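Student: Hello! I have a new structure to look at, and I would like to learn how to read its features. Could you walk me through it?

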Amino acid sequence: MSTTICQVMGFIVSSLGVAGCIVSTSMDMWSTQDLYDNPVTAVFQYQGLWRSCVRQSSGFTECRPYFTILGLPAMFQAVRALMIVGIVLGILGLLVCIFALKCIRIGSMEDSAKANMTLTSGIMFIVAGLCAITGVSVFANMLVTNFWMSTANIYQGMQNVQNRYTFGSALFVGWVAGGLALVGGILMCLACRGLVPEESRYKAVSYNASGRNISYRTGPYKVASGYEPETKTRKGAGYEEAARSEDGRRSYPSKYDYV
């Protein structure tokens, strides 16, 4: 029961994380104009991964997509790639996870196959979450660097200073979504252990020696172990039946008895 609950919880949390990654990637407010020095302005600018927008005080908003790829910074394109890879891996992980749920039976699928599919989906969710967190963190680092460079230019009194941009709401959505996908992937990996059949696990096997314990007696003569066939005594001259002595040992005739 706990395995099913862990698996279902991992699926739900991962689904929320993947949905958050899609929403964050499609949002336009990755960076917003800083209004600290100019709280009253007629134009408010904000940018996303795919287009930049301008909102006027009258409420009219105009957005313009980026028509070029080569003109964009390399780190900006890397953020795009990371978010897209995270979304693709998350969607594939959801498809695999649906068929791996223990509460869903498809044909004669064994528990070992479901365990492998659960582990695969968990790894996909973890990688997707790491891609989303990395992409958002790289973009945030770019904003921090440009912000302090613009601030230094303002204090130096330089002309034609560009607007400063700060964190947008899409960054926080991306961080939370990446964390949810990461936690969901960990839950799926933990649920994989409960789906592995017990027959496939290695167990310690103790081996005991079978048979009777045979004790050997030291001495000049060999003591019968009980497993050897009885030797036939020869009948004839020179051979006499071995007589037992008082101490219980068997005595054999010497070589002078044959003469």
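Student: Which helix gives the largest share of the nonpolar patch?

Tutor: In this predicted model, H2 does, with 7 residues. The patch covers about 880 Å² of surface, and among its members are Ile22, Trp50, Ile84, Val88, Ile91, Phe99 and Ile106.

Student: Let me pick one member. Is Ile91 buried, partly exposed or exposed?

Tutor: Look at the relative accessible area: buried means under 20% and exposed means over 50%. Ile91, which lies in helix H2, has a value of 39%, so Ile91 counts as partly exposed.

Student: Now the inside. Which residues touch the most other members of the largest nonpolar core?

Tutor: That core has 18 residues, and the ones with the most such contacts are Trp30, Leu49, Phe76, Val79, Met83, Phe139 and Leu171. Helices H2 (74-100), H3 (111-155) and H4 (169-195) each contribute at least two residues to this core. H3 provides the largest share, 6 residues.

Student: What does Leu171 touch?

Tutor: Leaving aside residues up to four places away in sequence, Leu171 touches Trp30, Val136, Phe139, Ala140 and Leu143. There is also a second, separate core of 6 residues, including Val18, Leu94, Cys97 and Leu101.

Student: Which residues does the UniProt annotation "transmembrane region" cover?

Tutor: The unreviewed UniProt entry gives residues 81-101, 122-149 and 169-196. In the model, residues 81-101 are 95% helix and 0% strand, with end C-alpha atoms 30 Å apart. Residues 122-149 are 100% helix and 0% strand, and their end C-alpha atoms lie 41 Å apart.

Terms used
Residues numbered from 1 in each chain as written. Predicted model: local features only at pLDDT ≥ 70, side-chain atom pairs only at ≥ 80, totals over all residues. Heavy atoms only, no water. Core = buried A, V, L, I, M, F, W, Y, C linked by side-chain atoms within 4.5 Å. Buried < 20%, exposed > 50% of the residue type's maximum accessible area, 1.4 Å probe, protein only. Helix = DSSP H or I, 4+ residues; strand = E, 2+ residues; numbered from the N terminus. Contact = heavy atoms within 4.5 Å. Patch = residues over 30% accessible without salt bridge, like charges linked within 9 Å, V, L, I, M, F, W, Y side chains within 5 Å. Areas by Shrake-Rupley, 256 points an atom, 1.4 Å probe, with all protein chains shown as cover. Salt bridge = Lys/Arg side-chain N within 4 Å of Asp/Glu carboxyl O. UniProt positions renumbered as here; feature names shortened; annotations may be inferred.
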